Structure formats: structure tokens, C-alpha cells
Amino acid sequence: MKNWLYMDDSYLKEFETIVKGVSNEKFIILEKTAFFPKGGGVEWDTGLMIRKSDNKEFKVKFTGKFDGNISHEVDQVGLQIGDEVKCFLDWDRRYTLMRYHTAAHVLSGVFNREYDLIMTGNQLTPEKGRIDMNMPEMNVDLIKEGFAKANDLIEKDLLVEIYYKSMEEAKKDSTLFKLAIGFPHDIKELRIVDIKGYDAQADGGCHVKSLKEIGKIVFLEAKNKGKQNRRVYFKIE
Ligand SMILES: [Zn+2]
């Protein structure tokens with residue numbers, strides 16, 4: 001996905017491109033984009049598109065994936081195919097989501113390696129994060145201990161690297177798919193998010209470059225959600 005710029009550079013905050021498609025007047029497809037579309041339990045990017053010909057501003061309110069394309073919902077009509085635009089991400093929002101996303105991988109890695117628990121889902125917003133864990137009985141003390149271990153790991157400031165692996169090669173390592181739900185089978189290359197020396201996952205999202213950027217992970221509460229499922233809420237500071 002060479003035209004999905006965030007895949008190779010999560011720190012790209014602005015870029016220039018051309019409008020490639022417009023549907024229902026307000027849903028814009030670009031030749032290339034750094035806007036992350038809602039997916040994998042992570043919220044979408046917002047921001048601004050400025051048309052170069054007349055400096056008219058269009059706010060990007062929502063970014064999603066539709067029919068394999070990244071679609072940007074803007075706040076007003078007027079953009080046409082062929083328009084040249086300058087685009088700016090709402091960086092505070094995106095960077096916070098990146099910190100939450102990497103934090104969720106740290107938690108998943110710790111609970112899996114230390115306690116053999118599997119994370120079955122997550123929901124990440126700029127305000128708080130939620131992970132679901134396959135845990136037979138609620139054990140808040142154990143959850144708190146896991147959070148302390150996660151913060152110890154952050155203190156080590158491990159690097160987070162992004163690279164690609166062929167599907168054939170990746171299939172040999174089932175640990176890469178802990179969080180991966182519904183990966184398409186025809187995909188040739190997998191993008192790997194690797195907290196160096198600790199936890200590697202097949203993942204399509206945006207992450208910080210090193211763990212200290214996360215800050216501190218704070219446990220908020222845990223709720224029972226079904227027989228096996230414990231829902232854990234956290235925030236970052
Ligand atoms: Zn992820």
C-alpha cells in the first residue's frame with residue numbers, strides 16, 4: 001500500500017496530493033494519504049485539506065475504509081477530482097492515538113508472556129483505552145501487577161520497528177497473530193510492528209518509535225464481560 005503513507009511513516013503530519021475520487025460530494029479519495037482510517041479498534045484521524053487553487057479549507061471529520069479505499073469525510077461540498085490539496089493531520093489527536101496503540105501492544109505482550117493471557121480485542125480513543133482479555137476469573141491484583149510490569153518495560157525505552165514479512169514466512173510464527181483478527185488470506189506481505197526483543201505483531205496501525213513516548217500506563221477499572229472475558233480500561237499520562 002504505497003499510497004497509504006502512514007504505514008511507513010507514522011510521524012508524517014502534512015503532505016500534498018490530488019483528489020482522485022469524490023462520492024456523495026463529501027467523501028474524498030486521495031492519490032495518497034497519511035490519514036489513518038478507523039480500524040483494528042483504533043479511532044480515525046481528523047485534520048484539514050486546503051485546495052491549492054483558492055486556499056479554501058475543508059475540515060476532515062472522519063476517515064474510514066470503504067471498498068478497499070481510504071475515504072475522507074469533509075465538512076462541506078466543493079472538492080472535485082483533480083483538485084490539488086495540502087493536507088494537515090490533527091497531530092495532537094493522532095499522536096495520542098499512537099501512544100495508546102503502542103501501549104495496548106505493550107499490555108498485550110506483558111499479559112501474554114507473563115500470564116499466558118490472550119488479548120481478544122481493543123478500543124482506543126484519545127481519552128482512554130480498553131482491552132479485552134481472555135481471563136477465566138477476574139483477578140484485579142494480577143491485572144495491576146501486569147500494569148506495573150508494563151510500566152517497567154516502558155522505562156527500558158525499547159525501540160518499536162516496522163517492517164514487512166512475506167505471508168509464507170510469517171505463517172511459521174503464530175505469535176505474530178495474537179491480535180490479528182480477520183487478516184485476508186490472499187495478502188502477500190504482512191506489516192510487522194516489533195517492540196524490539198519483546199513482542200512482534202502483524203498490524204496495520206500507527207505507533208510511536210520508542211516506548212518512553214507512551215508515558216505512563218494507568219489502570220482505571222476492570223469489568224466482567226461474559227464468562228471468559230475481562231474488560232480492562234486504562235489511560236496514559
Ligand atoms: Zn495494533
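I started with E221 and K223, whose side chains form a salt bridge at 3.9 Å, N to O. The model is a predicted one. I noted that this pair falls inside the criterion because a salt bridge requires the nitrogen within 4 Å of a carboxyl oxygen.

Next I checked for shared partners.

K52 and E16 are joined by a salt bridge between their side chains, 2.6 Å from N to O. I located both ends: K52 sits in the loop between strand 3 (47-51) and strand 4 (57-66), and E16 sits in strand 1 (residues 14-23), so this bridge ties together parts 36 residues apart in sequence. I recorded K52 as partly exposed, with 36% relative accessibility. I recorded E16 as partly exposed too, with 40%.

Then I turned to a helical pair. The side chains of E145 and K149 make a salt bridge at 3.8 Å, N to O. I found both residues in helix 2 (residues 140-155), 4 residues apart, which is about one turn of the helix. E145 has a relative accessible area of 40% and is partly exposed. K149, at 31%, is also partly exposed.

Last, I ran the search over the whole structure. I logged 15 salt bridges from it, among them E221 with K223, K52 with E16, and E145 with K149.

Technical notes. Residues are numbered from 1 along each chain as its sequence is written. This is a predicted model: local features need pLDDT of at least 70, side-chain atom pairs count only at pLDDT 80 or more; totals for chains, interfaces and linings use all residues. Side-chain values use heavy atoms; hydrogens and water are left out. Helices (H or I, at least four residues) and strands (E, at least two) are DSSP runs, numbered from the N terminus. Buried means under 20% relative accessible area, exposed over 50%, partly exposed in between (1.4 Å probe, protein chains only).
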